[in-house]
Every structure is written in structure tokens, then in C-alpha cells.
Amino acid sequence: MKAIEVENLIKRYGSANVLNGINLTVEKGEVFGFVGHNGAGKSTFIHTLTGITRKSSGSFSILGTPGGELDRVKKKIGVMPDIANLYQHMRGIDFLRYMGNLAGDMRTKRSYEELLEEVGLKGAGGKKIKSYSFGMKKKISIAQALLGDPELIILDEPTSGLDPESAIVVRKMVTRLQEEGKTIFLTSHNLDEIEKVSDRVGILTDGVIKKLGTPRELKAQAEGGVQLAVRTKPVLTAEVVNELKEKSGLNLAFVETKREFTLLQLPSDDELPRLTRALLDGGVDLYEVKVEERSLEDVFMNA
Amino acid sequence: MIHILKREFTDSIKSIRAILIILFITFVSYKSALFLKENPFLISELGKEGIKAGDVYSAGLSLIVFIFGFLFVFAISHDIVNSETEMKTMRLLVTKTSRPQVMFGKLLGATLFWVVTISVSYAIISLISQVWNGEEYLRTLIFLFYIICLAVFISTIVPKTKLTMFLGILLGIALPILGSVSMIIDKWYLVPFKYILPFYYLDQSFGYVLIPLAIGIIFFLMSVLIMERRDL
């Protein structure tokens, strides 16, 4: 049984397709990161999966239950939709208790306080939510998603707007939840964070998943091959690189010079020995070579 | 559902508007019952007209509810659904439970508030008169249930709370007038009000109260259907 299975999901607002035929499978126990530009459809996708909005066409199932019978599995899903959805007039602890009751989570008051402490809101349970800072609202929104011991946790940008320390707490929590066997589906604008916590990543552009795979696979797919930073004497210029290219037949490209380093591009790191030989044959002394790993950001920008 | 019911009930009962309405209804019930107790000749005179003593004692309360019921219910419950959709808290609720459960919880919470309010008033009347007019009690509750269902319906189809507040005041004044006038004046344009509003049925024998009860349920079921299809 898959945690999430989506087939040709379309969500239309008027004549505009916000989700334009999404196909996706998320395995149980997986941390799946969903990234995309603002307005790409990430939140709409979450809203459609969680019953906040209705799909226009296509199909999906959550924990093996078809989307049309979603009510049957709602207690097994924890959702953090957005901080705008909180009851501002309630005290933090009352809000959690109310949400807990709805989720079938009948824990003690002490246990709610422990949950608040876990998300970094120790001692804030007695205050009204309207007095909370943005970060605190985000944290209590995450806390309510964890109520009821859900199997699948869906978090919409859980760390945006959080200070680095709180973001680390959330990341550690995601890792811990995965270790407990939970499936996590999260969206974020922070690609570094997505890369750190996700087993697989989907890049959503204009309502379609353009790239899908593990962070490593995606980076390997990135266009432009391998980028190298070489420290040589003399420092390489574009002219010298062109000369080397002609002489060696290497598919080498000059990118830029950064102080004593020259950035070069090769189709793959298999060409590195040939480049080394070509440099030495060309009378260039090689002191250092660093392979600059492609980031998820490069993948995202090319999606 | 039970937790939404409890939340709706406690939110209703804690509001200033609700407290004022409870005080007003209770005060009128108490004073009118006390007045009748101190003037027994009025009861014997009305008794000669075939009116039961229990009806006389609860008449003050019934009159208040039938005149101001729409206004009172709309004052408390005009935003029963759309406040949650406007504030987007409905999104949170529907991720935890089903939409019909949310709607049932809200309806029952609001109904419970009025059951408690009216029961307290009837308890005060019965303490003074030693009579509990069960038929009139149920008639009053069904009348209020009809209005709650209408408030839920309006709050579901109108997304803005400010607009439902305005509509609530407008309808709270207009509907009792239209309902009463339609019972007296036989004009074609008043016929819908005669048969859709509960006033005509409440003036008939007790069995007729099932009709406003059914209309109220239809309003509510339409609200659930609309909510089921809506993007929140």
C-alpha cells in the first residue's frame, strides 16, 4: 500500500488549470519534498489531497483509500495547511486540545504541554494565539498536525519564516518522525532544507511535476555536466582554455575566474584525467582541483 | 461532531449578545409569569375563552420568541458557517473530520444553546405557575430550530460575515412581519411567505409543526450539499 497515489490530477479554477495532470506515488515511510515557484500549485495540491478543495478530474488515494472516501482516513493524516487557519482567540493549549479531540487524540493536559515543548513553545500554551509571533504560530500549526499519531504528515512550508534554530528543530523532528515510520510530505522554498531531509523530491512547475527523483538523481540529471574549480599557475584565461580545448579535443568550457581559481565545465567527471594531462602538456602547473557539486537549486532553476 | 457541538455551544453562550438575549428572555418570562400569578382574574377570564392556564403563563415567552426569534437567532448565528470559511479555520476542521460532521456539530451546538435558553425560561415559568406547557415548549423549540437551519443555510451560501450580519438584521425584522401579514392578507405575492415561513403552521393544530421542522431540515440538507461541493 502506498502512502499517496495520484493519477492525472487536475484542479481547475475557472478556465485556468492550477494542477495540470499530476502523477505521483509516495511510498510509506518516505520523506517526500515538493518544491516549486510561488503559484506553481504546491498548496493547491495539498488542499486537494486533504479535502480542503475538490479535484476537477483525475484520481488519488491516501493510505490506500480513494480520494472520494477520504473521510475514512482523516484521523490517520496530520495536515499543517497554513498559519492563517488558526483560531486566534483561543489559548494555545485549548486550540491543541480542540484539534486533538477532533483527531481522536485524548491525551492529558501534561501531554499537550509536552507537545508544545517539543515544537519549541514551552510555556506559551496559556497565551492566546493572536499574541503569538509568526514563528510561534507556525510551530503550533505543526504541533496540531502531529496530534492523533498520524501515519501520514503533510506540512505546507513548515520552516518558512522560522529562525535558523527553530528550522533545525523542525528538520530534526521530520527525521525523528521518519524513524518512527511516518510518511512525511512537505513543501518548502528552502531547497537546501528539502535536500537535507527528503528521500525524494518533486519539482512542480505550472501545475506539472517537471522533475522527480532522489536529490542525487536530480542533481545528476542537471544540465551542463560537472563544474570544476582549478588552481593553476598561471591562472587560466578564456583564451588559454580555448587553446587547451582545441589541442586536446576536450569538450571544455570556461565559466569564470574567481581569484586564483578558474571555473571550468566538463560533460562529466570521467574527463578529469584527460583535462589534467592536457593542462600539464600545455605547460600549466596544477595545484588544486575541486569538483563543484551541482545543487538542487541548479536543478530547480532548469526545471 | 460532539467536539464541534461543544465548541459551538460554549462560543455561543459566552458571547455578550447571547448573554443579553438570555437575560432578556428570562426576564420577560419571569415578569410575565409573575404578573399573571398576581392577577389571577386574567387567567380565569382567558380560561372562559378556552385558553388553558399553561398557555397563558407561557404566552409572554412565546410572543417574545415569535416576534424576536429571527432577530435573536440571526444575531447569534448569522456567521455560524461563514466565519470559519472567511477565517479559513474551516480548512483545519475538514482536515480532521468530515464536512457533514462539521455542519451537524454546528447545527446541534446552536440548537442546544436555544434548548437550554428556552428550557431555563420554561423552568422559571413552571416554578411560578406549577405548569409546564409541553406542547408550547416544543412548538417554540421547533420554531427556533427552523430559524437556526435558515441561519445555517444563509451562512453557507453567503461567504461574507458582514453581509450575513446585515441580512440577519433585515430578515430578522422583515420575516416576522411578512409571516404574520401573509396569514391575514390573502395576496398571491404573500403566498410563498405563508407556506415557507413557520408562522402559519404554528397557528394550526400541533401536528402542523412537523412542516416547519421538515422545511428546516431541508434548509440544513441543502447547506450540507453546498458545503460538500465547495472549495474552502
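Author: The largest pocket holds about 630 Å³ of space. The model is predicted: local features need pLDDT of at least 70 and side-chain atom pairs count only at pLDDT 80 or more, while totals for chains, interfaces and linings use all residues. Residues are numbered from 1 along each chain as its sequence is written, chains are lettered from A and ligands numbered from 1 in the order in which they are written, and side-chain values use heavy atoms, with hydrogens and water left out.

Reader: What makes a space a pocket, and which residues lie closest to the centre of the largest pocket?

Author: On a 1 Å grid over the protein atoms alone, a pocket is an open set of points with protein on both sides within 12 Å along at least five of seven lines, whereas a cavity is a set where a 1.4 Å probe fits but cannot get out. Grid points are joined across faces, edges and corners, and the volume is the space filled by probe spheres set on the points. Lining residues have an atom within 4 Å of a point; there are 24 of them here, and A:Y87, A:H89, B:D11, B:D79 and B:S83 are the closest to the centre.

Reader: Which element gives the most to the lining of the largest pocket?

Author: That element is α1(B), with five residues. Helices (H or I, at least four residues) and strands (E, at least two) are DSSP runs, numbered from the N terminus.

Reader: Why is the pair A:R54 and B:E228 called a salt bridge?

Author: A salt bridge requires a side-chain nitrogen of Lys or Arg within 4 Å of a carboxyl oxygen of Asp or Glu. The closest N and O atoms of A:R54 and B:E228 are 3.6 Å apart, so the pair meets the rule. The count between chain B and chain A is two salt bridges.

Reader: How many residues does each chain bring to the contact, and what area is buried?

Author: With contact meaning heavy atoms within 4.5 Å, chain B brings 22 residues and chain A brings 29. Buried area is the accessible area (1.4 Å probe) that two parts lose on being put together, summed over both; between these chains the value is about 2,300 Å², 55% of it from carbon and sulfur atoms.

Reader: Where is the cis peptide bond?

Author: The bond joins A:K233 and A:P234, with omega about -5 degrees. A:P234 lies in the loop between β11 (226-233) and α8 (238-248) of chain A.
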